[in-house]
Amino acid sequence: MALIYIGVGSNIDREHYVRCGAQALAASFSGIRFSTVYESQAVGFQGDNFYNLVVEARTEQTVDQVLATLKRIEFAHGRPLDARKFSARTLDLDLLCYDQLLQDAPVELPRAEILTNAFVLRPLAELNPALIHPRVGVSLAELWNGYDASRQPLRPVMTDW
């Protein structure tokens, strides 16, 4: 079984769609673990703040099958087919890592955002601090400890799930 990490985000009816996304992921994959949910500012556009978290899961699905599952879940929860990259969204699901796979297409793995966005790196390091990032050869804990967190302030959000 592959160990995967999925970034989850929403800035439209955030609590509702993050909860729906978490439930759909739990129904689609096994061994689910959730990071803390964090509130962060929109990156790349002016918009309402996001709720973000990372989900750890196990799957027998291939990368392509995981990507199709994530798209199906997004579309089932109001994401338009023509959604722009930097825009408000009900639910955004990004495959961050698939085991230690390195690839550039059809999706970059691991995702570059791990190294640049606090709302990805912090919850990912929370779930698996010892995981070595296969492109840079450094643990997620080390990457987070060296990250300038003042660039993208995060606020933990209390959840009841």
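**A tour of a predicted protein model**

Tutor: Let's start with overall size: for 161 residues, a compact globule would have a radius of gyration near 15 Å, and the protein agrees with this at 15 Å. The radius is taken over C-alpha atoms, and the globule rule is 2.2 Å times the number of residues to the power 0.38. This is a predicted model, where local features need pLDDT of at least 70, side-chain atom pairs count only at pLDDT 80 or more, and totals for chains, interfaces and linings use all residues. Residues are numbered from 1 along each chain as its sequence is written, and side-chain values use heavy atoms, leaving out hydrogens and water.

Student: How many helices and strands are there in the protein?

Tutor: Helices (H or I, at least four residues) and strands (E, at least two) are DSSP runs, numbered from the N terminus. Along the sequence they follow the pattern β-α-β-β-β-α-β-α-α-β-β-α-β. The count is 5 helices and 8 strands.

Student: Is D92 buried or exposed?

Tutor: D92 belongs to strand β5, which covers residues 92-98. Buried means under 20% relative accessible area, exposed over 50%, and partly exposed in between (1.4 Å probe, protein chains only). D92 has 18% relative accessibility, so D92 counts as buried.

Student: Which residues is D92 in contact with, leaving aside its neighbours within four places in sequence?

Tutor: Contact means heavy atoms within 4.5 Å. With those neighbours set aside, the partners of D92 are G7, V8, G9, E74 and R79.

Student: Where is P106, which a cis peptide bond joins to A105?

Tutor: Good one to look up! The bond between A105 and P106 has an omega of about 5°. Another cis bond runs from L109 to P110, with omega near -10°, and P110 is in the loop between β5 and α3. As for P106, its place is the loop between β5 and α3 (113-116).

Student: What is the phi of D13?

Tutor: First find D13 in the loop between β1 (2-10) and α1 (14-28). D13 has a relative accessible area of 49%, so it is partly exposed. D13 is a residue other than glycine, yet its phi is positive, near 45°.

Student: And what is the relative accessible area of D99?

Tutor: D99 sits in the loop between β5 and α3. Although D99 is not a glycine, its phi is positive, about 50°. D99 is partly exposed, and its relative accessible area is 38%.
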